[in-house]
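Hi,

Here is the structure I said I'd pass along.

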Amino acid sequence: MMRKLALLLLAMLLALPAFAIDPTNIPDPKLQARYQSLTHELRCMQCLNQSIADSPVELAGELRQEVRDMVVAGKSDEEIRDFMVARYGEFILFRPRFSARNLWLWLGPGILLLAGAVIAVRIIRQRAELVDQDDQPLEEEAGRR
Amino acid sequence: MRNRFIIPLLAFALLVVVLGVGIKRSPDKQVIQSVLIGKPAPQFTLPSLTEPGTNVSSQQLRGKPYVLNVWGTWCQACQMEHPQLMKIRELGQVPLIGLNWRDQDDLALGWLAQLGNPYAHVAVDKQGRTAIDLGVYGAPETFLIDARGIIVHKHIGPLTVEIWKRDFEPLLGARPQAGPT
């Protein structure tokens, strides 16, 4: 029991830094929610695999400030994304936008999966036929003996 | 027997080609291409570091190409870059404009006094707003902006005379000159 408590406490302590990085709290809960969602969507350009919400570098802090200012000023989520993309490119978005250029990125895996499934079905059917063919000679042999 | 392998082999070959092309064409992920190349440099009007009481603005810089170098005294790589900037300044081809990013005036002035000042003007960006408009994500970064105010090239990381000669110089003559150089 004590071990479980200790583990729980440890886990909670380890989670604390997440709060320390971004203490921003916008009074309006709807704006705060949008701010949180946006800062988790935007990539920190210095530590490429972290969002600006999680990154401790100064640039991330500045960009969070920008997002905060824009959210409070009444800009829409799209406008804020556009602002970031205009300066840093599509790469700043963790979820690339659906456009002609990104078409392959979005559809590629689905298409490959479908192609793989079709091929798999064909192979299974071929094998099923072969198994049928195998059965017959044995029966014939059994018959002949 | 061979027929069964041809289709998967072809599909695999196609995949290799597609992925190979993708990998060859993708820019070095360490250095992400600037999305602002070919676009107008963002407007800025910032206080001057070296001429207190005056401003450095993108408007006033138009009409001739210039180089915008983003730096800060807190930036180790900028310190390494500095002697190279002095050499580039000596080439005398294009004015160097400094963008002092998220720094303190007294530290910045001290730095220039100690290491030398390669800049024709230094604009002070304390909030970092102009840097964000430029899509800067680390110092040093250097932009080449042409006479029309269009960003023609961006270099991320310390600039050297070698890189200058290889990447910046060829672009200097690209725009038709309105009068004698």
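Ring pairs join B:Trp71, B:Trp111 and B:Tyr119 into a cluster. Keep in mind that this is a predicted model. Searching the whole structure gives four aromatic pairs over all chains. One of them is B:Trp71 with B:Trp111, which is stacked, at 4.8 Å centre to centre and with 15° between the planes. B:Trp71 comes from strand β3 (residues 66-71) of chain B and B:Trp111 from helix α4 (residues 105-115) of chain B, so this pair ties together parts that are 40 residues apart in sequence. B:Trp71 is buried, with a relative accessible area of 0%, and B:Trp111 is buried too, at 7%.

The helix that carries B:Trp111 is worth a look as well. Which residues of α4(B) are buried? They are B:Ala108, B:Trp111 and B:Leu112. Those residues cover an arc of only 95° around the axis, so they sit on the same side of α4(B). B:Asp106, B:Ala113 and B:Gln114, on the other side of α4(B), are exposed. As for what the buried residues pack against, that would be β3, α3 (76-91), β4 (96-101) and β5 (121-125) of chain B. After α4(B) comes B:Gly116, with a positive phi near 105°.

Over in chain A, there are arginines sitting on rings. A:Arg43 lies over the face of A:Phe91, 4.1 Å from the ring centre. A:Arg87 lies over the face of A:Phe83, 3.7 Å from the ring centre.

Cheers

Conventions: Residues are numbered from 1 along each chain as its sequence is written. Chains are lettered from A and ligands numbered from 1 in the order in which they are written. This is a predicted model: local features need pLDDT of at least 70, side-chain atom pairs count only at pLDDT 80 or more; totals for chains, interfaces and linings use all residues. Side-chain values use heavy atoms; hydrogens and water are left out. Rings of Phe, Tyr and Trp (its six-membered ring) pair if their centres lie within 6.5 Å; planes under 30 degrees apart count as stacked, over 60 as edge-to-face and the rest as tilted. Helices (H or I, at least four residues) and strands (E, at least two) are DSSP runs, numbered from the N terminus. Buried means under 20% relative accessible area, exposed over 50%, partly exposed in between (1.4 Å probe, protein chains only). A charge sits over a ring if NZ of Lys or CZ of Arg is within 6 Å of the ring centre and within 35 degrees of the ring normal. The arc is that of the directions from the helix axis to the C-beta atoms. Contact means heavy atoms within 4.5 Å.
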